[in-house]
Amino acid sequence: MSDKPWRDVIAVEELEKDWVTRVEVGRRIIAVYDTPTGIYASLAICTHGGADLCDGYFDDHVIECPLHQGAFDVRDGRPIAAPATRAMRVLEVRVRDGKVQIRV
């Protein structure tokens with residue numbers, strides 16, 4: 001557990017259902033994923049090619065980079081399809097009072 005404070009990033013009702021939603025937190029771009037098992041979040045930049053993952057294809061728990069089609073599991077950030085080899089940075093997420101909150 002982190003000692004960093006929780007930050008509201010988006011209302012749950014504003015999330016794109018079963019898809020990835022792009023939000024800005026300060027200068028950071030965050031990808032928020034609405035999955036069958038809950039809400040997850042990561043930094044939105046692909047660790048392979050630097051593309052914005054929010055522009056990629058999303059299905060179930062997998063986000064595919066729009067640049068080279070490397071893929072990641074949004075639950076833990078691990079790469080699951082080449083050319084991605086380095087995990088993406090996932091963030092702690094919780095929902096409180098209808099808001100998605102993260103720790104950055």
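1. Asp18 sits in the loop between β1 (7-11) and β2 (20-25). Strands are DSSP runs of E, at least two residues long, and helices are runs of H or I of at least four residues, numbered from the N terminus. Phi of Asp18 is near 55 degrees, a positive value in a residue other than glycine. Asp18 is partly exposed, at 44% relative accessibility. Buried means under 20% relative accessible area, exposed over 50%, and partly exposed in between (1.4 Å probe, protein chains only).

2. A word on the basis. The model is predicted: local features need pLDDT of at least 70 and side-chain atom pairs count only at pLDDT 80 or more, while totals for chains, interfaces and linings use all residues. Residues are numbered from 1 along each chain as its sequence is written, and side-chain values use heavy atoms, leaving out hydrogens and water.

3. Asp60 has a positive phi too, near 65 degrees, and is not a glycine. Asp60 belongs to the loop between β5 and β6 (62-64). With a relative accessible area of 42%, Asp60 is partly exposed. Most residues other than glycine have a negative phi, and most peptide bonds are trans.

4. The backbone also holds a cis peptide bond. The bond joins Ala82 and Pro83, with omega at about 10 degrees. Pro83 lies in the loop between β8 (79-81) and β9 (90-96).

5. Now the overall fold. The protein chain has zero helices and ten strands. Its radius of gyration is 13 Å, close to the 13 Å that the globule rule gives for 104 residues, so the chain is as compact as a globular protein of that length. That radius is taken over C-alpha atoms, and the rule is 2.2 Å times the number of residues to the power 0.38. The C-alpha trace spans about 40 × 30 × 25 Å along its principal axes.

6. Of the 104 residues, 42% count as buried. Contact means heavy atoms within 4.5 Å. Among contacts with a separation of 6 or more, 41% link residues 24 or more positions apart.

7. The largest nonpolar core has 16 residues. Such a core is a set of buried Ala, Val, Leu, Ile, Met, Phe, Trp, Tyr and Cys residues joined through side-chain atoms within 4.5 Å. Val20, Tyr33, Leu53, Ile63, Phe72 and Met88 touch the most other members. Strand β3 (residues 28-35) gives the largest share, three residues. A second, separate core holds 13 residues, including Ile10, Val100, Ile102 and Val104.

8. Val20 deserves a look. Not counting residues up to four places away in sequence, Val20 touches Ala31, Val32, Tyr33, Cys54, Phe58 and Ile63.

9. Phe58 is part of strand β5 (residues 57-59). Phe58 is buried, at 2% relative accessible area. Beyond four places in sequence, Phe58 contacts Asp18, Trp19, Val20, Tyr33, Asp34, Thr35, Ile63 and Val74. Leu91 is 33 residues from Phe58 along the chain, and their C-alpha atoms are separated by 18 Å.

10. Last, the surface and the charges. The chain exposes about 5800 Å², and carbon and sulfur atoms supply 45% of it. These areas come from the Shrake-Rupley method with a 1.4 Å probe. The 14 positive and 17 negative charges have mean positions 8 Å apart. Lys and Arg count as positive, Asp and Glu as negative, with His and the chain ends not counted. Each charge is placed at NZ of Lys, CZ of Arg, CG of Asp or CD of Glu.
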